[in-house]
Amino acid sequence: MATGQIFSKTTQALFYNYKQLPIQRMLDFDFLCGRETPSVAGIINPGSDGFQKLFFGQEEIAIPVHPTIEAACNAHPTADVFINFASFRSAAASSMSALKQPTIRVVAIIAEGVPESDAKQLISYARANNKVIIGPATVGGIQAGAFKIGDTAGTIDNIIQCKLYRPGSVGFVSKSGGMSNEMYSTIARVTDGIYEGIAIGGDVFPGSTLSDHILRFNNIPQVKMMVVLGELGGKDEYSLVEALKQGKVQKPVVAWVSGTCARLFKSEVQFGHAGAKSGGELESAQAKNEALRDAGAVVPTSYEALETAIKETFDKLAEDGKISPVTEITPPPIPEDLKTAIKSGKVRAPTHIISTISDDRGEEPCYAGVPMSTIIEQGYGVGDVISLLWFKRSLPRYCTQFIEICIMLCADHGPCVSGAHNSIVTARAGKDLVSSLVSGLLTIGPRFGGAIDDAARYFKDAYDRGLTPYEFVEGMKKKGIRVPGIGHRIKSRDNRDKRVQLLQKYAHTHFPSVKYMEYAVQVETYTLSKANNLVLNVDGAIGSLFLDLLSGSGMFSKQEIDEIVEIGYLNGLFVLARSVGLIGHTFDQKRLKQPLYRHPWEDVLYTK
């Protein structure tokens with residue numbers, strides 16, 4: 001594996017299993033480093049395709065999303081790094097698939113818990129085909145000022161503090177990702193910073209070893225010294241010991257193996273990583289540190305002394321003229337996300353939608369401030385929910401029950417009315433439920449359903465102005481307007497609409513006042529003197545009684561009542577009610593498997 005540099009300022013990667021935050025952190029790092037192109041060429045989200053919007057500096061960009069690894073590799077042949085954020089269950093299979101792609105050179109496996117047998121197969125294939133694996137159980141790696149993997153080095157603030165936006169002179173390799181972030185900070189304090197840093201992962205069988213990367217760093221001219229952070233367990237550090245003894249490493253190596261405290265415990269200790277466990281004297285931190293020291297590495301007496309050892313080694317190289325001073329640069333500021341800025345109180349952003357009837361931001365949704373659990377536990381009905389969502393208040397039970405009665409009475413009026421007819425024809429054409437429902441709803445208007453609103457408007461205006469039934473009806477006649485809510489094709493003086501009678505009976509029993517309904521009845525008395533079928537119909541009954549509900553409940557101001565009538569709330573009641581019937585007719589036709597409807601010729605007057 002030795003060779004040299006594996007990343008550059010033009011390196012591009014494919015990101016497997018979409019994760020917004022680590023991808024955005026990569027793009028922010030790209031912008032910080034002054035890259036011309038984003039380091040993420042494409043995203044692989046199994047079964048999905050399209051684009052994912054992210055930010056490159058202040059510019060919003062669309063990164064292609066591909067359904068398979070093969071499709072992504074074909075679409076982005078210059079992307080040679082595969083960053084695998086799959087779970088441990090699928091990490092091995094997806095990593096092997098990536099390794100088999102001719103364009104992929106480096107695979108970083110983030111998942112912990114990859115089975116050891118799978119890891120061995122991946123390592124064997126990678127070595128046989130001259131490819132590099134970082135991980136499993138890794139945070140990734142970073143080449144300062146050029147490219148980073150996922151969440152490596154943490155936040156932008158940490159990256160700036162650690163001077164990772166430009167290259168330094170130190171090559172760093174560690175088993176631990178968390179300790180990598182700590183060491184980046186330590187190295188930045190006492191040197192000119194890192195050139196490249198790798199966390200190989202804490203599993204027993206890492207895809208690449210500490211010595212693999214030290215030997216690689218040795219071949220990179222910009223790397224002047226190396227820092228190694230190992231840990232107890234396993235024998236990986238001994239391969240580095242052999243490389244040092246054989247003279248394969250010509251640059252200074254500062255090393256420390258953590259876990260010296262293990263000897264304080266009476267029994268075997270398992271630390272956080274799968275490979276970090278005391279397994280005999282040879283695998284102890286003390287033995288490894290001693291072996292590294294004997295092989296020529298600079299090994300301090302404790303972790304606390306590691307920083308001093310790094311500083312002294314760097315200062316000696318600088319004194320000898322082997323390290324040139326780094327020209328410091330000021331990285332560009334990363335634009336702050338709007339959500340973050342709003343949360344911190346730095347900006348004020350206008351909202352785009354106002355909602356006063358419901359809120360789903362808390363632990364449970366609320367209707368007009370009433371939690372969903374209360375609605376269920378208190379036995380609220382459909383009428384109560386409508387009162388909350390439409391009127392933004394809890395109406396008395398007689399009001400909500402009246403609303404429910406209206407919905408039941410208006411739910412359907414047979415298959416022959418225009419709305420039901422449209423839904424039936426649409427369903428028989430093979431269309432879906434929503435299309436069939438909407439087809440029927442589109443017929444609701446002034447001639448079908450909308451008369452409830454108009455009846456309320458005209459009855460209210462006439463009553464409030466003190467018009468007699470004669471003045472009201474004759475005035476409408478002069479304007480050429482039929483009185484809404486009056487008249488029926490079938491019902492008459494001697495064949496009253498049972499629905500109207502039920503509504504009137506309920507109102508007389510429960511409403512504190514029925515002045516608008518009584519006025520509508522007076523109008524009916526006058527219109528019946530003109531024609532036997534000019535009776536108060538269900539639209540007129542609901543319209544006038546809703547006026548009584550609003551005014552008699554004492555919960556609405558005159559202005560609110562005027563607004564409710566003007567907006568068309570009552571027509572909304574008809575739309576809601578009739579939707580029940582239209583859906584029923586749709587299901588009925590589907591259940592009966594009715595064929596495409598064609599209107600009979602004999603029912604059409606063909607004329608020239």
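Visitor: In this predicted model, where buried means under 20% relative accessible area and exposed means over 50%, is F82 buried or exposed?
Guide: The relative accessible area of F82 is 0%. Since the cut-off for a buried residue is under 20%, F82 counts as buried.

Visitor: How many aromatic pairs does the structure hold, and how is the pair of Y16 and F82 arranged?
Guide: The structure holds 19 aromatic pairs. In the pair formed by Y16 and F82, the ring centres are 5.7 Å apart and the planes meet at 45 degrees. Planes under 30 degrees apart would count as stacked and those over 60 as edge-to-face, so the pair of Y16 and F82 is tilted.

Visitor: Which strands hold Y16 and F82, and how many residues apart in sequence are the parts that the pair ties together?
Guide: Y16 belongs to strand 1, residues 13–16, whereas F82 belongs to strand 5, residues 81–84. Y16 is buried, at 12% relative accessibility.

Visitor: What kind of aromatic pair do Y463 and Y519 form?
Guide: Y463 lies in helix 17 (residues 451–464) and Y519 in helix 20 (residues 515–528), so that the pair links distant parts of the chain, 56 residues apart. Y463 is partly exposed at 30% relative accessibility, whereas Y519 is buried at 4%. With 5.8 Å from centre to centre and 75 degrees between the planes, the pair formed by Y463 and Y519 is edge-to-face.

Visitor: Is V107 buried or exposed, and which residues is V107 in contact with, leaving aside its neighbours within four places in sequence?
Guide: V107 is part of strand 6, which covers residues 106–109, and its relative accessibility of 0% means that V107 counts as buried. The C-alpha atom of V107 is separated by 8.3 Å from that of G135, a residue 28 places away along the chain. With those neighbours set aside, the contacts of V107 are F82, S95, A98, L99, V132, I133 and I134.

Note on methods:
Residues are numbered from 1 along each chain as its sequence is written. This is a predicted model: local features need pLDDT of at least 70, side-chain atom pairs count only at pLDDT 80 or more; totals for chains, interfaces and linings use all residues. Side-chain values use heavy atoms; hydrogens and water are left out. Helices (H or I, at least four residues) and strands (E, at least two) are DSSP runs, numbered from the N terminus. Buried means under 20% relative accessible area, exposed over 50%, partly exposed in between (1.4 Å probe, protein chains only). Contact means heavy atoms within 4.5 Å. Rings of Phe, Tyr and Trp (its six-membered ring) pair if their centres lie within 6.5 Å; planes under 30 degrees apart count as stacked, over 60 as edge-to-face and the rest as tilted.
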